[in-house]
Amino acid sequence: MTEQSAGEIHRTLRASDADREAVSDRLRVAAGEGRITLDELEDRLESVYAAKTYAELDTLVVDLPRGRSVLLPDAQALVLETRSGKIRQEGRWVVPERITATVTMGNITIDFTEAVCHHREVRLEATCGSGRIIVIVPRDWIAVVDGLVSGMGHVINKAPGSADMNVTTTLRLSGKLGMGRIKIRYPSR
């Protein structure tokens, strides 16, 4: 009897509904980015829902990058910056591991509720003068303010989580806050 590697064992394990849903999300994002056609998306989604093992799921996304957008090359942060205008990062988008948000007097809104995130932790480095940064996270995320230097500004974290939560992603906020305001919250019901 030969020893199997961890990778070989993983590939033979049965996939869950959550695994199939994660792969289908990845395929939809790939179609939205133009990596696969709508016909390919339809064919692959049919195979996703029929898949029983990780190996079957892996073959459907082997030719796609994991957790990266066309606009975000390897290890590059999403950079949002405004002096006095408004920026809204919302809708369906791929979340990188690091985001930099810089606002002088304007407003930045980062809405993660429809975004696809493959990371257990996302770092948000915020610099806020007298403007506002609003962050909306899904209900299975928590936010931790970690290493934020504040002047006269305010940080309001309404997404600290609770002991009974099944947390999928932790958002870690750091940076500098002048007289502005940073608010992290869950979506309105």
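This passage describes the overall make-up of a predicted protein model and then one of its helices, α2.

The model is predicted, and local features were therefore considered only at pLDDT of at least 70 and side-chain atom pairs only at pLDDT 80 or more, whereas totals for chains, interfaces and linings use all residues. Residues are numbered from 1 along each chain as its sequence is written, and side-chain values rest on heavy atoms, with hydrogens and water left out.

The protein chain contains 4 helices and 10 strands, where helices (H or I, at least four residues) and strands (E, at least two) are DSSP runs numbered from the N terminus. Read from the N terminus, the order of these elements is α-α-α-α-β-β-β-β-β-β-β-β-β-β. Of the 189 residues in the chain, 39% are buried, a term that denotes under 20% relative accessible area, with exposed meaning over 50% and partly exposed in between (1.4 Å probe, protein chains only). The chain exposes about 11100 Å², of which carbon and sulfur atoms supply 50%; accessible areas come from the Shrake-Rupley method with a 1.4 Å probe, and for residues only the protein chains shown count as cover. Among contacts (heavy atoms within 4.5 Å) with a separation of 6 or more, 69% join residues 24 or more positions apart.

Helix α2 covers residues 17-32. Its 16 residues should span 22 Å at 1.5 Å a residue, and its end C-alpha atoms, 23 Å apart, agree with this; the expected span is 1.5 Å times one less than the number of residues. The N-terminal end of α2 is capped by Ser16, a side-chain oxygen of which lies 3.3 Å from the backbone nitrogen of Ala18, and the helix is followed by Gly34, which has a positive phi near 85°. The buried residues of α2 include Val23, Leu27 and Val29, and their cover includes α3 (38-50) and α4 (54-61).

Arg20, in α2, counts as buried because its relative accessibility is 13%. Its side chain makes a polar contact of 2.9 Å with the side chain of Asp17; such a contact is a pair of N or O atoms within 3.5 Å, and within protein one must be able to donate a hydrogen and the other to accept it, while residues adjacent in sequence count only if both atoms are side-chain atoms. When residues up to four places away in sequence are not counted, Arg20 touches Ala15, Val48, Tyr49, Ala51, Lys52 and Leu57.

A search of the whole structure for disulfides (pairs of cysteine sulfur atoms within 2.5 Å) finds 0.
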